[in-house]
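Biologist: Can you put the model up and walk me through it? I have a few questions as we go.

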Amino acid sequence: MTTVDNQADAATGPGAGDVQQRLVAFLGSRTGGDWDLDRDLFASGAFSSLFSLELLQHVEQEFQVTVEGDDLTLDNFRTVPAITALVQRLRGDGAAGR
Amino acid sequence: MAATETAETGTPTDAAETAVRPAVKCLVWDLDNTLWRGTLLEHDELVLRPGVLETLKALDERGILQSVASRNEYDDAWAKLESLGVADYFVLPHIGWGRKSDAVRAVAEQLNFAQNTLAFIDDQHTERAEVAYHLPDVRCYDAPEAAGLPDLPDFTPTVTSDARRRRAMYQEKFRREAAQSEFNGPDEDFLRTLDMRMSIARADEGDLARVEELTLRTSQMNATGVHYSDADLRALLTDPDHEVLITTVEDRFGSHGAVGVVLLERQPGRWRLKLLATSCRVVNFGIGTQLLRWTADQATRAGVHLEADFRRTDRNRIMEVAYRFAGFNSKPCACQEDGREAAADAPADVQRLHLVPQRQAAPTTLTVTGPVLWSGDGTGKPWA
């Protein structure tokens, strides 16, 4: 589990802005509106596992990472910064190592 | 060319999953000289070929969907199907000038069915060869075989009360999706407009065929890929340590029928989720997520942990995501250290995912009722 500090570092590390931008664009197109950076994707509890899978597969393909096992948590996908931190960590270019 | 070009579908996973290939879930028909005798473009007098109507009816009653892949003008061909009185039997017709393999692939994708559950019938061997080349898992049949299809094991699934309504349920689903595409708000707002009601109930003997069918048909939303037979399930119904729960869903467009199964075993300190399977018809609605949340809520109130059997198949990653996003993880817990290893009836390579459950708020997008698992009250109570 990445600590909050590490997430913050990773979310501002090299390429983080690009990752965030692409995620915001994806979520905006998926929901037909502007996506607020800190909005909780799962707040309502109404999300389908199909959406979760679509999001996961999008992240994996878009950023060339594989998310497996205990990295596969709601918290890692809850907000754009959280996903960005996960991507940065899995790509090995964030502040936090594995 | 041999009369039968039935493509062999080697099951990609292990033999434990399915020793025989799965039953056909959708048959895609060519029209000219296959469904009807004659060629529409040549202004022939068209009549259904012998035995075709009987096959349409028989497969429909068994819950096997039927579609069309035909090279014709859409409006002309569909009008002819209507005048022959058979248009209602078909879902997602693909009538146009593209490749038949593209049509069959599109039908599979739109229905969310694996290609090895589709069949294709066409009098032209080149068309069958084209489909077989691009989609080797699709079973192909020649037109003269149409009348005999209902006699083949491939077209003999477990038939349930829901099966007879399956086509109607899919047609309702397509209307629902049309409503959704007209709706621009976030998904959850759309879901609320459906007036969806989910009922969870202890299965009785009359439900067993539907439960068995769900474990057979749900290759994506099935946590272990294990098939529980009628006899297996019957024994569990009367076992006080087991709960066999069946979920049905209705909305303003109609009933989705039985769409989910939960099989859990009460063990000291924990409930073991041996099976969670939900129909691909309802995957958009978060029904699997809500079933897991409801079960977690019940377990919290019972003061037990949850453990879930999960076995990766080549199609069920969505289930792993559902469990993981519900909070299940691979970290060991003291509740698992009671000397009970994975049960003897668990398949090999099964993972045991664990959750310390927490109270879950009832969803705002649908109403849910279910038995009170932790007090033994079997009547349906609102989730609150």
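**Chain A and its partner**

Modeller: Among contacts in chain A between residues at least 6 apart in sequence, 69% join residues at least 24 apart. Keep in mind that this is a predicted model.

Biologist: How many helices and strands does chain A have?

Modeller: Chain A has five helices and zero strands. Along the sequence the pattern reads α-α-α-α-α.

Biologist: And what share of chain A counts as buried?

Modeller: Of its 98 residues, 36% count as buried.

Biologist: How many residues of chain A are in contact with chain B?

Modeller: 17 residues of chain A are in contact with 25 residues of chain B. Helix α3 (residues 49-63) of chain A supplies the largest share of chain A's side, five residues. By class, that side has seven nonpolar, nine polar and one charged residues.

Biologist: Which helix of chain B is largely enclosed by the rest of the structure?

Modeller: That is helix α11 (residues 317-325) of chain B, which is largely enclosed because eight of its nine residues are buried. Among the buried ones are B:Ile318, B:Met319, B:Glu320, B:Arg324 and B:Phe325.

Biologist: What do they pack against?

Modeller: Elements from both chains. In chain A, the buried residues of α11(B) pack against α3 and α4 (74-77). In chain B, they pack against α10 (287-302), β12 and β13 (351-355).

Biologist: What follows α11(B)?

Modeller: B:Gly327 follows α11(B), and its phi is positive, near 105°.

Biologist: Where does B:Ala277 lie, then?

Modeller: B:Ala277 is in strand β11 (residues 270-278) of chain B. This residue also counts as buried, because it has 29 C-beta neighbours inside 10 Å. B:Ala277 and B:Leu216 are 61 residues apart in sequence and 9.5 Å apart in space, C-alpha to C-alpha.

Biologist: Changing topic to the five-strand sheet in chain B: what is the order of its strands?

Modeller: The order is β5-β4-β1-β6-β7, in an open sheet with parallel pairing. β5 (94-96) and β7 (139-141) stand at the edges with a single partner strand each, so one side of each has no neighbour in the sheet. From one strand to the next the twist averages 20°.

Biologist: How many bridges are there between β1 and β4 of chain B?

Modeller: Strand β1 (residues 26-29) and strand β4 (residues 65-71) of chain B pair over four bridges, in the parallel sense. Within that pair, B:Cys26 stands opposite B:Leu65.

Biologist: Last thing, confidence. What is the mean pLDDT of chain B?

Modeller: The mean is 84, and 88% of chain B's residues reach 70 or more. Over residues 1-19 of chain B, though, the pLDDT is below 50; that stretch has 31 contacts in the model beyond near neighbours in sequence. Where pLDDT is low, the predicted coordinates should not be read in detail.

Biologist: And what ipTM and pTM does the model score?

Modeller: ipTM is 0.79 and pTM is 0.66.

Terms used: Residues are numbered from 1 along each chain as its sequence is written. Chains are lettered from A and ligands numbered from 1 in the order in which they are written. This is a predicted model: local features need pLDDT of at least 70, side-chain atom pairs count only at pLDDT 80 or more; totals for chains, interfaces and linings use all residues. Two residues are in contact if their C-beta atoms, placed from the backbone, lie within 7 Å. Helices (H or I, at least four residues) and strands (E, at least two) are DSSP runs, numbered from the N terminus. Ala, Val, Leu, Ile, Met, Phe, Trp, Tyr, Cys and Pro count as nonpolar, Asp, Glu, Lys and Arg as charged, and the others, Gly among them, as polar. A residue is buried if 20 or more other C-beta atoms lie within 10 Å of its own, exposed if 12 or fewer, and partly exposed in between; C-beta atoms are placed from the backbone. pLDDT is the predictor's confidence in each residue, from 0 to 100. Two strands pair if DSSP finds at least two bridges between them. Axes are lines fitted to C-alpha atoms, for helices over the stretch in contact, and angles run from 0 to 180 degrees between N-to-C directions.
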